[in-house]
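Trainee: I would like to learn how to read a metal site, a sheet and aromatic pairs in a model. Could we go through them one at a time?

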Amino acid sequence: MAADLVIRNGTVVDGSGGPVRRADVAVEGGLITEVGDDIGRGRRELDAEGLLVTPGFVDLHTHYDGQATWDPLLAPSSHHGVTTVAMGNCGVGFAPVAPDRHDWLIGMMEGVEDIPGTALHEGLRWDWESFPDYLDALDRQPRTLDVGAHLPHAALRAFVMGERGADPGAHPDRAELDRMALLLAEGLQAGALGVTTSRTERHRTSGGENLGTLRAREPELIMLASVLAEQDRGVFQFLSDSYRTTDDGFARSEFELVTAFARASRRPVSYTVQQDIEAPDRWRDLMALAGTLQAGGLDVKAQVAPRPIGVLLGLEASANVFTPTRAYRKIAGLPLDERIAALRHPDLRQRIIDGHAQLTSGPDAFAGYAFFGRFDDMYVLDDPVDYDLDAGRSLAAVARRNGVDPRQYAYDVQLQRDGRQLIYTPLFNFAHGNLDDVREMITSPVAMFGLSDAGAHCGQICDGSMTTTFLSLWVRDRRHRDGLPLEWVVHQITRRTAAHVGWLDRGLVAPGYLADLNVIDLEALGCAPPEIAADLPAGGRRLLQAATGYRWTVKRGAVTFEDGVHTGALPGVLVRGARSGPEGSTGVPA
Ligand SMILES: [Zn+2]
């Protein structure tokens, strides 16, 4: 009998990290049935001559928690070869939720993840209260890719403790701890991937408040850990400022807290590691901690990004280079075409540029606006975007070469492409002006691909495309410098991430595994410049980013994308908890 689909003559990179080989791949009933060179004709054949065949990518760090309840596409991830995402990261999400707390949760996501509140107000149907109800709501929505969800600590805390749950200074009493434990256990049984929390002051609600989880004390965290241990399932994900100490009198450091959590849960733990400009070597300590804990037999990984993480500035983005100036703010509310017309006026141009100079340099400069004047750290996004940044291409460097003032140049750049040109400012992972530290970070044995934050930071960050960059930059563009092996990179974004949360049914091109596949033209692989689209509910705006080089993406055996265009297929489902591998699979080590 003919297979549903045969991908013919491709170069198979199977996700295990093992060597590539030329082979055909047969797919039947949503699963890979055969990988070899003697496969009969399929009902549909894809010619992968000269192309890579990889497992679909697995991105564990997204924030599609709201969007996934209404949006079947889940762009930009789905355009970048991703066939499975995990959401509910960083302690934030939309369940459990008391009926009178909807607005508060929206305010939290709007502030922490920069997701437009109006879009959430209109898009969320709130046909859930408990976390298991939320999973059922996700289950009802068809989509292009599979989703799984963590149970977010901030939502759990507010659900159990009410107003006090949102207060970092308040702590649960015994009864509240017991109730949180019970709800987490129920969530895990219903299919939560694990539990997540936020311990960073950077995360604030739209009202500017810290999250209630910021200073959660050891008894509360250890309670969460012991539920994972009792249930013997689930992972823990968090991010932390990592250098502060808790205020519980014991002043145990964050490191000690992580260690205690990993010991108590005996489950996989991962935390965010990125290079901060202000503490450019701190990441080394965080990686070393994961190394020490791993050496002690604990599964602790550092979630890292394969490129700088930066903010996008532009007339359509949340902010642009001249947002702080009084002269710009007067026209900030105008529609784009009217703003462009105004900005072209020489008089206003001069006032805005002068105002900017006053705010960002000279004796009266305001430190809070320094960011807007760092032209050495600004890059004009070309098409395709080259994330292999180089100080010689910075806005300041180009302006110098052209003999113009960087402010004048930035002003003109923002007006290019009908006012849609974006300027990229790396905030993390670029402290020394090159990618040497990123390379060291991502190649550490304790590192795990993460931090795309896809679905979040709608108006200023667009990193859902990191899978594409991992391959195009580190495998192809740096091939003759310090590039990384193709097999290794594919493993990092497929089997390694899948195995971390126990999804042993995917991430490998081998018989019995899910037929989640990408057919990729590596030479053509690239990221288009991010674009602002007003396609969220209520006209909410977000950054989207297209890709080139993905010839086909296959999800559960169905072709979902062909040359970047959605075919209409919606084979994606909710993945509840861990998934065992095919019968007889030995389980390739993660
Ligand atoms: Zn996050």
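Trainee: Are H61 and C90 buried or exposed?

Mentor: Keep in mind that this is a predicted model. Both H61 and C90 are buried.

Trainee: Which atoms coordinate the zinc ion?

Mentor: The zinc ion is held by NE2 of H61, NE2 of H63, SG of C90 and OD of D453, at 2.1 to 2.4 Å. H61 and C90 link distant parts of the chain, 29 residues apart. H61 lies in the loop between β6 (57-59) and β7 (82-87), and C90 in the loop between β7 and α1 (102-113). Along the chain, the donors have the spacing H-x1-H-x26-C-x362-D.

Trainee: Why is the arrangement around the zinc ion irregular?

Mentor: Start with the ideal: four tetrahedral donors would have angles of 109.5 degrees. To count as tetrahedral, all angles must lie between 85 and 135 degrees. Here the 4 donor atoms subtend angles of 79 to 165°, so the arrangement is irregular.

Trainee: Next, the sheet. In what order do the 6 strands come?

Mentor: The order is β9-β10-β11-β12-β13-β17, in an open sheet with parallel pairing. Its edge strands are β9 (151-152) and β17 (447-449), each of which pairs on one side only. Between β13 (residues 300-304) and β17, which run parallel, there are 3 bridges. A302 has A447 in β17 as its bridge partner.

Trainee: Which helix packs on the sheet?

Mentor: Helix α7 (residues 254-265) does, and it touches β10 (194-199), β11 (235-240), β12 (269-272) and β13. The direction of α7 makes about 155° with that of β12.

Trainee: Last, the rings. How many aromatic pairs are there?

Mentor: The count is 15 aromatic pairs. A pair of aromatic rings is described by the distance of the centres and the angle of the planes. Take F94 and W126: their centres are 5.8 Å apart and their planes are at 80°, so the pair is edge-to-face. F94 sits in the loop between β7 and α1, and W126 in the loop between α2 (117-123) and α3 (131-139), 32 residues apart. Both F94 and W126 are buried.

Trainee: What is the geometry of the pair F449 and F470?

Mentor: The F449 and F470 pair is tilted, with 6.0 Å centre to centre and 40° between the planes. F449 belongs to strand β17 and F470 to helix α15 (residues 466-477), 21 residues apart. Both F449 and F470 are buried.

Trainee: Which residues do ring pairs link into a cluster?

Mentor: The cluster consists of F94, W126, W128, F131 and Y134.

Definitions and conventions. Residues numbered from 1 in each chain as written. Predicted model: local features only at pLDDT ≥ 70, side-chain atom pairs only at ≥ 80, totals over all residues. Heavy atoms only, no water. Donors = N, O, S within 2.8 Å, 3.2 Å for Na, K, Ca; no water. Tetrahedral: all angles 85-135°; square planar, octahedral: opposite > 155°, others 65-115°. Helix = DSSP H or I, 4+ residues; strand = E, 2+ residues; numbered from the N terminus. Buried < 20%, exposed > 50% of the residue type's maximum accessible area, 1.4 Å probe, protein only. Pairing = 2+ DSSP bridges. Contact = heavy atoms within 4.5 Å. Axes fitted to C-alpha atoms, helices over the stretch in contact; angles between N-to-C directions. Phe/Tyr/Trp six-rings, centres within 6.5 Å; stacked < 30°, edge-to-face > 60°.
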